[in-house]
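Please read it with the sequence and the model side by side.

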Amino acid sequence: MAEFQETDIDRYTEEENDLVAKIKKELEGWREVLLPINKVLTWEKPPYPVILVSGITFIFFLIWYFDPSVLTTFSLLGLIISLVDYLVPTIASSLFKSDNWTVVQEKEFENICIRIHNAKVHIQNLRTQIFNLKTEKPKTYFIAVVITLLVTAYIGNLIDNLLLTYLIVVFLVLLPGLRHHGIIQKYTSTLTSKVKEFIQSKTKKAKKN
């Protein structure tokens, strides 16, 4: 199974290197914690995806069982994020010494920051493409938005809110592993080739007629 190849930072421009360096600085207090989290998210061992899905399932089971209000759920979520954001760097700095930080660990941490930077670039490019489509082809943009919203509204009406949220969270958590092992790339390329074949066959039929 093909693995997702990391982007070498040496190929980046000076501006991109500065952005990656900025991310590294912001996450410096998290670096000892990010390495094991990254190994779990990228499925370094076969049991990791099962552990991830089991953990998410347990959390959503608790939400389903206690049935808290939306305000309580978001308040507890914000509280947990705030505590983790404050406690993790503080505890990590006291438990782990910078002298024990190796070159291999630094490279792994750098790769994590590169992936975060790449994710930001992909989101920015997608936003730019959407705005360009709105400006250059407003009718196509309008039709695409309407169809997308109708489909999502139908799916939201068809599936329970908690179940839909659970499926979305599971997909997002499994996404790094799917990308790392080339599964997303494999099925995306297959889907793209099928769409191209369909368009070509329709074009050929239209020319014959």
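In which helix is the place of Ser93? Ser93 sits in helix α4, where helices (H or I, at least four residues) and strands (E, at least two) are DSSP runs, numbered from the N terminus. With a relative accessible area of 53%, Ser93 is exposed, on a scale where buried means under 20% relative accessible area, exposed over 50% and partly exposed in between (1.4 Å probe, protein chains only). The C-alpha atoms of Ser93 and Glu32 are separated by 9.0 Å, although the two residues are 61 residues apart along the chain.

**Model and confidence**

The model is predicted, so local features need pLDDT of at least 70 and side-chain atom pairs count only at pLDDT 80 or more, whereas totals for chains, interfaces and linings use all residues. Residues are numbered from 1 along each chain as its sequence is written, and side-chain values use heavy atoms, with hydrogens and water left out. The average pLDDT of the chain, that is, the predictor's confidence in each residue from 0 to 100, is 86, and 89% of the residues score at least 70. Confidence is highest in helix α3 (residues 48-66), at a mean of 95, and lowest in helix α8 (residues 183-208), at 73. Over residues 1-6 pLDDT stays under 50, and for this stretch the model has 15 contacts beyond four places in sequence, a contact being heavy atoms within 4.5 Å.

**Overall make-up**

The secondary structure of the chain comes to 8 helices and 0 strands, which gives the pattern α-α-α-α-α-α-α-α when read along the sequence. Of the 209 residues in the chain, buried residues make up 18%. Among contacts between residues at least 6 apart in sequence, 81% join residues at least 24 apart.

**Two helix pairs**

The table sets out the packing of two helix pairs; axes are lines fitted to C-alpha atoms, for helices over the stretch in contact, and angles run from 0 to 180 degrees between N-to-C directions.

| Helix pair | Packing angle | Axis separation |
|---|---|---|
| α5 (residues 103-136) and α6 (residues 138-158) | about 125° | 5 Å |
| α2 and α5 | about 75° | 10 Å |

Angles under 35 degrees count as roughly parallel, over 145 as roughly antiparallel, 65 to 115 as roughly perpendicular and the rest as oblique. At about 75°, α2 and α5 are therefore roughly perpendicular to each other. Their contact is made by Arg31, Leu34, Leu35, Asn38 and Lys39 of α2 and by Gln105, Glu106, Glu108, Phe109, Ile112 and Arg115 of α5. These contact residues divide into 4 nonpolar, 2 polar and 5 charged, where Ala, Val, Leu, Ile, Met, Phe, Trp, Tyr, Cys and Pro count as nonpolar, Asp, Glu, Lys and Arg as charged, and the others, Gly among them, as polar.

The packing angle of about 125° between α5 and α6 makes α5 oblique to α6. Here Ile130, Leu133, Lys134, Thr135 and Glu136 in α5 meet Pro138, Thr140 and Tyr141 in α6, and the residues of this contact divide into 4 nonpolar, 2 polar and 2 charged.

**Nonpolar cores**

A nonpolar core is a set of buried Ala, Val, Leu, Ile, Met, Phe, Trp, Tyr and Cys residues joined through side-chain atoms within 4.5 Å. The largest one has 11 residues in all, among them Val20, Ile23, Trp30, Leu34, Leu35, Phe109 and Ile112. At least two residues of this core are supplied by each of α1 (14-26), α2 (31-41) and α5, and α5 gives the largest share, 4 residues. Leaving aside its neighbours within four places in sequence, Leu34 is in contact with Leu27, Phe109 and Ile112. A second, separate core of 8 residues includes Leu52, Ile56, Val170 and Leu178.

**Individual residues**

Most residues other than glycine have a negative phi. Trp43, in the loop between α2 and α3, has a positive phi near 60° and counts as buried at 15% relative accessibility. Asp67, in the loop between α3 and α4 (70-95), also has a positive phi, near 50°, but Asp67 is exposed, with a relative accessible area of 61%.

Asn118, in helix α5, counts as buried at 19% relative accessibility.
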